[in-house]
Amino acid sequence: MCLLLILMFFVGMTYLDPPEEYGIAVNFGTSNVGQGNVQPKEPLAPAPEQVEEEIEEVQEEIKEEVVEESTVEEVEEVSEDVATQESEESIAIKKKEEAKKKAEEIAKQAKLQKEKIEREKQAAIAKQKAEEAEKRKKLDALIGGVSNSEGTATGGEGNDNEAGDKGKITGDPNASGYYGNGGGGGEGDYNLGGRKPLNRPKPNYICNEEGLVVVSIEVDTNGRVIKATAGVKGSTNTATCLLTQAREAALKTTWQADSNAPSKQVGTIKYRFSLSK
């Protein structure tokens, strides 16, 4: 072992030198450009011009970014303004159109209502004219066509301001009424608990009304009517012109005397007024 170690110490193992490198050697440096013959051992500080150029490049990049951002913001703001403006204009136009439609609808309804009222008015006038014509026709038929005849008598009588002889061809020349049947007022229906009327005056017919008028009366023991109320229950027409004449006729009526009767015996008289009888 000792001999082996000695042999290895003197003879030893053979080491080869590192292989040679191939290619182009590059000089040490810290920038893409340089000047001079002295090789620096550490990185050089950047030259002022280079620093300025780099600063300018950075500023230009920042400026471009700011311009781009501001341009984008301006475009967005303009777009928003345009959209808002268009939206407001469209809403205003829509409201205007709705108001116009509403006004047109109101005008249309008013026109239709006016036309309806006018039609109803014309229909009422036509109906009234037809009724008047029918009444004239019936009156002419009732008096035998006297209204179309030619008379020879002179003078006139009536309570109007026009010339003529007011009344009916079937009437009484001495009667003071101008309406109803030819004999004046309507016939009466008398009721006083068994007592009979001694006279029965007829009411005058002074208006163009017809119907039944019931008169409540109070009669004393001598047969005199001391109170009369016209138009009580049972009456079918309470026109003033009928009530006044019925009351006057009732007050003029006399009854049989009855000493055993109450001092105020109550009864009724019914008068029937008719235009066509």
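Which strands are included in what covers the buried residues of helix 3? In this predicted model, the cover over the buried residues of helix 3 includes strand 3, strand 4 (225–230) and strand 6. The points below take up that helix, then the aromatic pairs, and then the surface patch and the salt bridge.

**Helix 3 and its cover**

- Helix 3 takes in residues 240–252, and its 13 residues, at 1.5 Å a residue, should span 18 Å, which agrees with the 19 Å that lies between its end C-alpha atoms.
- The buried residues in this helix are C241, L242, L243, Q245, A246, A249 and A250, and strand 3, strand 4 and strand 6 are among the elements that cover them.
- An α-helix has 3.6 residues a turn, so residues three or four places apart point the same way.

**Aromatic pairs**

- The count of aromatic pairs comes to 2.
- Y190 and W255 form an edge-to-face pair, with 6.0 Å from centre to centre and 70° between the planes.
- This pair links distant parts of the chain, since Y190 belongs to strand 1 (residues 188–191) and W255 to strand 5 (residues 254–255), 65 residues apart.
- Both partners, Y190 and W255, are buried.
- Y205 and F273 have ring centres 5.2 Å apart and planes at 65°, and because planes over 60 degrees apart count as edge-to-face, the pair is assigned to that class.
- Y205 lies in the loop between strand 2 (197–199) and strand 3 (211–219), while F273 lies in strand 6 (residues 265–273), so the pair ties together parts that are 68 residues apart in sequence.
- Y205 is buried, and F273 is buried as well.

**Nonpolar surface patch**

- A nonpolar patch on the surface is formed by L3, I6, L7, F9, F10 and V11, which together have about 760 Å² of accessible area.

**Salt bridge**

- A search of the whole structure finds 1 salt bridge, and R224 forms a salt bridge with D220 in which the closest N and O atoms are 3.7 Å apart.
- R224 counts as exposed, because its relative accessibility is 51% and the cut-off for exposed is over 50%.
- D220, by contrast, counts as buried, because its relative accessibility is 11% and buried means under 20%.

Note on methods
Residues are numbered from 1 along each chain as its sequence is written. This is a predicted model: local features need pLDDT of at least 70, side-chain atom pairs count only at pLDDT 80 or more; totals for chains, interfaces and linings use all residues. Side-chain values use heavy atoms; hydrogens and water are left out. Rings of Phe, Tyr and Trp (its six-membered ring) pair if their centres lie within 6.5 Å; planes under 30 degrees apart count as stacked, over 60 as edge-to-face and the rest as tilted. Helices (H or I, at least four residues) and strands (E, at least two) are DSSP runs, numbered from the N terminus. Buried means under 20% relative accessible area, exposed over 50%, partly exposed in between (1.4 Å probe, protein chains only). The expected span of a helix is 1.5 Å times one less than its number of residues. Contact means heavy atoms within 4.5 Å. Patches are made of residues with over 30% relative accessible area and no salt bridge: like charges are joined within 9 Å, nonpolar side chains (Val, Leu, Ile, Met, Phe, Trp, Tyr) within 5 Å. Accessible areas come from the Shrake-Rupley method with a 1.4 Å probe; for residues, only the protein chains shown count as cover. A salt bridge is a side-chain nitrogen of Lys or Arg within 4 Å of a carboxyl oxygen of Asp or Glu.
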